[in-house]
Amino acid sequence: MRIRNSVGNIGNLEKLASLLATEDLILEHAAVSTASFDLKTRKVTLPMWRQMDKTLYHMLVLHEIGHALYTPFDEFKESVDDNEPNLKDYINVVEDARIERKIKLKYPGSRRDFISGYDSLNDRDFFGCKMRDPNTLNLIDRINLFFKLGTRIEIDFSDEEQVFVSETERTTTFKDVVALAKRIYEFAQEQSETAEPHPGNWDEGQDGDFEGENSEEGSEESSDKGNTSDSKS
């Protein structure tokens, strides 16, 4: 499959992904709007975006490798409550912060890729922050943006909300993540926030698929590759 970007030899990068994850992973490139990792099938799916340089590509791979290394499939499935389907999104936001922190500690050189990759996404307004005031968003969305974009944008939290931000920075285990996500979810309901995060989040999909942000650019790419038969499981 021909990838329209400058990421280099895909075969070598696939080997790199398996090496970083310390297991044989399935790595696919498809006309999708997100990067994702299926916890059950151990498949990484990467989008084919225009003008995706190597550092952005590496950042997407590293994020999904973080889930491969640190997000437990069985515990994740047990944490999903059919009566509270939107709780999955809250868990994913808190878990994203944890796995990115852990992958940076495991591979210190990855910090440069995360910085450059999120710089690139912010420059593209991938999160839609130039189209709306991020401080009008729900708490979980602001937490998501805070941990992904940091000081690139200004995010405000009340004293009560700041407690959740600080605790997100200190999660150690997946059990910690689930417990904190439930508290944030309950707080959001008490504050009469809508339970479902806005589409700019990194959303958790079917069967433990941890996905990247939905983007207009990704959708445009999919339309441009209309004959592509690849699909996300």
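Okay, housekeeping to begin with. Since this is a predicted model, local features need pLDDT of at least 70 and side-chain atom pairs count only at pLDDT 80 or more, while totals for chains, interfaces and linings use all residues. Residues are numbered from 1 along each chain as its sequence is written, and side-chain values use heavy atoms, with hydrogens and water left out.

So, the overall picture. The chain has nine helices and five strands. When I say helix or strand, I mean DSSP runs numbered from the N terminus: H or I with at least four residues for helices, E with at least two for strands. Along the sequence the pattern goes α-β-β-β-α-α-α-α-α-α-α-β-β-α.

How much of the chain is buried? Of the 233 residues, 52% are. Buried here is under 20% relative accessible area, exposed is over 50%, and partly exposed is in between, using a 1.4 Å probe and protein chains only. As for contacts, meaning heavy atoms within 4.5 Å, look at those with a separation of 6 or more: 67% of them join residues 24 or more positions apart.

Now let's go to helix H4, residues 87-106. The expected span of a helix is 1.5 Å times one less than its number of residues. For the 20 residues of H4 that gives 28 Å, and the end C-alpha atoms are 28 Å apart, so the two agree. H4 is also mostly covered, with 14 of its 20 residues buried.

One of its partners is H6. The axes of H4 and H6 come within 10 Å and cross at roughly 20°, which makes H4 roughly parallel to H6. A word on terms: axes are lines fitted to C-alpha atoms, for helices over the stretch in contact, and angles run from 0 to 180 degrees between N-to-C directions. Under 35 degrees counts as roughly parallel, over 145 as roughly antiparallel, 65 to 115 as roughly perpendicular, and the rest as oblique.

The H4 and H6 crossing is left-handed. That means the near helix is turned anticlockwise from the far one by less than a right angle; clockwise would be right-handed. On the H4 side the contact uses Tyr-90, Val-93, Asp-96 and Ala-97, and on the H6 side Ile-140, Ile-143, Asn-144, Phe-147 and Lys-148. By class, that's six nonpolar, one polar and two charged residues. For the classes, Ala, Val, Leu, Ile, Met, Phe, Trp, Tyr, Cys and Pro count as nonpolar, Asp, Glu, Lys and Arg as charged, and the others, Gly among them, as polar.

Stay with H6 for a moment. Nine of its eleven residues are buried, including Leu-139, Asp-141, Arg-142 and Lys-148. Just after H6, Gly-150 takes a positive phi of about 55°.

H6 (residues 139-149) also packs with H7 (residues 159-170), at an angle of about 45° and with the axes 11 Å apart. That makes H6 oblique to H7, and this crossing is right-handed. Leu-139, Arg-142, Ile-143, Phe-146 and Phe-147 in H6 meet Glu-161, Phe-164, Val-165, Thr-168 and Glu-169 in H7. The tally there is six nonpolar, one polar and three charged residues.

One more pair: H2 (residues 54-70) and H5. Their axes come within 8 Å and cross at roughly 110°, which makes H2 roughly perpendicular to H5. H2 passes H5 in a left-handed crossing. Among the residues in contact are Leu-56, Met-59 and Leu-62 of H2 and Phe-114, Tyr-118 and Leu-121 of H5. The contact divides into six nonpolar, seven polar and one charged.

Last, some loop residues. Arg-42 sits between strand S2 (36-38) and strand S3 (43-47), and has a positive phi of about 60° although it is not a glycine. Asp-125, in the loop between H5 (110-123) and H6, also has a positive phi, near 55°. Asp-125 is buried, at 16% relative accessible area.

And Glu-84? You'll find Glu-84 in the loop between helix H3 (73-79) and H4. At 28% relative accessibility, Glu-84 counts as partly exposed. Which residues does Glu-84 touch, leaving aside neighbours within four places in sequence? Tyr-185 and Gln-189. Glu-84 and Tyr-185 are 101 residues apart along the chain, with their C-alpha atoms separated by 9.6 Å.
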